[in-house]
Amino acid sequence: MRILLVEDNPAEARLTKEALGEVGVLHELHLADDGEEATAFLRREGIYGDAFRPDLIFLDLNLPRMDGRQFLRVVKSDPQFASIPVIVITNSRASEDVDQVYRLRGNCYLVKPPELDEFFTMVRKVVDFWWLTARLPGDSDLVGHHAVSNELFPS
Amino acid sequence: MDRAADGWPFLSFRQPTQLEWPFKPEQVRRRLTFSGRAWEVAAILHRPMVVTDPPWEVVGAQASSFLLVTLLGVLLMAAAGSKRRIEEDVSRRTAQLSEAEERFRHLADNVDEVFWITSADGQTIEYLSRGFERIWGCDPEVFGASSRAWRRSIHEEDRNRCRKLFERAMAGKGFDGEYRIVRPDGEVRWIRDRGFPVRDESGGILRIAGVADDTTEQKRIEEGLRAAKQAAEEASEVLEAFFRVSLDMLSVAGTDGYFKRINPAFSATLGYADAELLDRPFVEFVHPDDVEMTTAAVAQLAEGRPLIRFQNRYRHRDGRYLWLEWSAMPETRKKLIYAAARNVTERRKMEDELRRSNAELEQFAYVASHDLQEPLRMVTSFAQLLQRRYSGKLDENADEYIHHIVDGTERMRRLILGLLELSRVDRKGRPLSVVDSAVALEMALQNLKVAIEESGTTIRIGELPKVMADHEQLARVFQNLVSNAIKYCRGRHPVIEIEGALVDGRWRFSVSDNGPGIEPVQRERVFQIFQRLHSKDEVPGTGIGLAICRRIVNRHGGEIWIEPSESGGARFVFTLTGVEPPDVAANPSGG
């Protein structure tokens, strides 16, 4: 599972990393500090010449330079990347943000819960659904992620 | 009166009586009784006449016809014999005299006025025409000859004046005056009386005669007119005074685009002399950007539609523009506009200020909800992560420190959320609608299910009406009050009673508990933000819940306060105004 995490706050990023670690699914994570860097990563520009194509993008909304909404617009308007599910995970509960994200064809809007346990649970649910349950573009016709994960990380 | 066989009145020379007025042509044939013999007199009138209101020349004509009758009679009498001639002559003269008097009486009795004659000293009434009965409302014969009864009939307040009038006449001058009389039935009438002395050849006053007229109706009409005129004058004076003292700008403008009249406040507000404002089309004073809508507003008025709360900018003499708010009424017939305006420049400035400060508040709320919570969440999360991964692996002190960090961040989170909620009461409140308060309470109790079960609280619900409210906010008030009651019943078995009733036209809700109650001096303090009666160890809470209650109740136009309950606990009472009467509230679509 390859994840592009767009988050400017290293503490938040670390927390997400910890949560993903507790889920126990083999994954590769790249952290981009803002929309510009994330765009460059997707497009394999400059230092990102050998960047991976992510299966999922975890996106915060309030970012310096290019913010999450702009980045979402870039991703969804580029045919090359439009099919990658973008999961917005943010602190904002504002309904205008929720509306805008879905209008920009964000795939999912999640509010970070205040409690650590709840946050960990949420991240687990996201992985359960988007990686283990839903089929994603580029999946093999025969093999699902579930089988792969069980094979690599027997519980 | 004697009557002859044919039913016509006849003359008796010994006893002159009245003839009826007007004389009818048929009366040319009549019988006369003269010295015990009956005479039939035939006469031809020069002009047959039916007159109800004889002018003087007609009376003259009638008189001549009478003379003719009399003459014929005399001729017949002469034929009867000459031995009685002298006697007849005397009789004839007497008859003529009587007839003259008759004529006067006929005239006097058939007009509306009262002809009157008194003795020279005014003490004896010698004659009163029939009009007297109509006006004074009593029989002149009952009245008697003495003028005392007449004097008594005069309104008390007017007696002096009346006496003076008569004194004038007695002194030889005419008078023309007015006084009131009181009729036997109590009715008051106005009399206009004109009198004059009647003199003999030597100039001595023989008697006083006059004409009295009932002017009550005329007076009443005059009085009505006068009162109406006075009222109109007063109204106009009042309007004029208000026009001058008004602090608002008042004007009369023509649909032709010119002011016709402006009050002092108008010119003072804009800094011009009256003439400057009256001489030019008013649109010249309007801000160029507002000309179009001003022209449209004037067109609307010209069509007869009033203008309410219209705002545009007018140029002050010093060049600045003032915002004016107009209210105007058209008078289409006269092509006029009555327009009042107020300088709202300051108000608009304040409104802008308020809008800006509201926007800042909104910004603050966003900061509180996002930017403030984010770092806090980090502290909380990592403290909890530390607790989760290293609890028991460090020493006891480290465990306690971590516990304090987690505890402190938790409290801070609730404070931030409370503040956020408080700032949202007015900002994010929904419009009031018909709400069943029982349903709102149910929602609140559902949210408190765990707390109620854990504390073993007994909830008693009384009557709860339908009211006009924001459903979620009403539920919030119930939730905060019930949760508050449970918290402060420390150690007891809480019994909480909730009810609502209509008191003095307002819905009044109460939440009563059996807790320790609240000291009178503390009853106001608890509604203030962050004011807590107990340390956080005794009773958990942020000190915001009751402040939120007060803000919500205030938003509903109500009040909230604390009373002691019967069981010695506290009773939180709140009212909701702007609520509809129960029957309407129960059926919002009903008129």
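Reader: Before we get to residues, what does "partly exposed" mean here?
Author: Partly exposed sits between buried, under 20% relative accessible area, and exposed, over 50%. The model is a predicted one.

Reader: Then where does K260(B) fall?
Author: K260(B) has 40% relative accessibility, so this lysine counts as partly exposed.

Reader: What does K260(B) pair with?
Author: K260(B) makes a salt bridge with D256(B), and their closest N and O atoms lie 2.7 Å apart. D256(B) is at 47% relative accessibility and is also classed as partly exposed.

Reader: How many salt bridges are there over all chains?
Author: The search of the whole structure gives 53. One of them joins D117(A) to R388(B), with 2.6 Å between the closest N and O atoms. That pair crosses between chains: D117(A) belongs to helix α5 (residues 116-133) of chain A, and R388(B) to helix α12 (residues 373-390) of chain B.

Reader: And are those two buried, exposed or in between?
Author: D117(A) is partly exposed at 49% relative accessible area. R388(B) is partly exposed too, at 38%.

Reader: Which salt bridge does E563(B) make?
Author: The side chain of E563(B) meets that of R508(B), 3.2 Å from N to O. The two are 55 residues apart and link distant parts of the chain, with E563(B) in strand β18 (residues 560-564) and R508(B) in strand β17 (residues 506-512), both of chain B. R508(B) counts as partly exposed, at 29% relative accessibility.

Reader: Switching to strands. Why is β8 of chain B called largely enclosed?
Author: Strand β8 (residues 249-254) of chain B has six residues and five of them are buried, so the rest of the structure largely encloses it. Buried means under 20% relative accessible area.

Reader: What does β8(B) pair with?
Author: β8(B) pairs antiparallel with strand β12 (residues 336-343) of chain B, over six bridges. β8(B) also runs antiparallel to strand β9 (residues 259-262) of chain B, joined by three bridges.

Reader: Which residues are bridge partners there?
Author: L250(B) has A340(B) as its bridge partner in β12(B). For S251(B), the partner in β9(B) is I262(B).

Reader: What about the turn between β8(B) and β9(B)?
Author: The hairpin has four residues between the strands, and G257(B) takes a positive phi near 95 degrees.

Notes:
Residues are numbered from 1 along each chain as its sequence is written. Chains are lettered from A and ligands numbered from 1 in the order in which they are written. This is a predicted model: local features need pLDDT of at least 70, side-chain atom pairs count only at pLDDT 80 or more; totals for chains, interfaces and linings use all residues. Side-chain values use heavy atoms; hydrogens and water are left out. A salt bridge is a side-chain nitrogen of Lys or Arg within 4 Å of a carboxyl oxygen of Asp or Glu. Buried means under 20% relative accessible area, exposed over 50%, partly exposed in between (1.4 Å probe, protein chains only). Two strands pair if DSSP finds at least two bridges between them.
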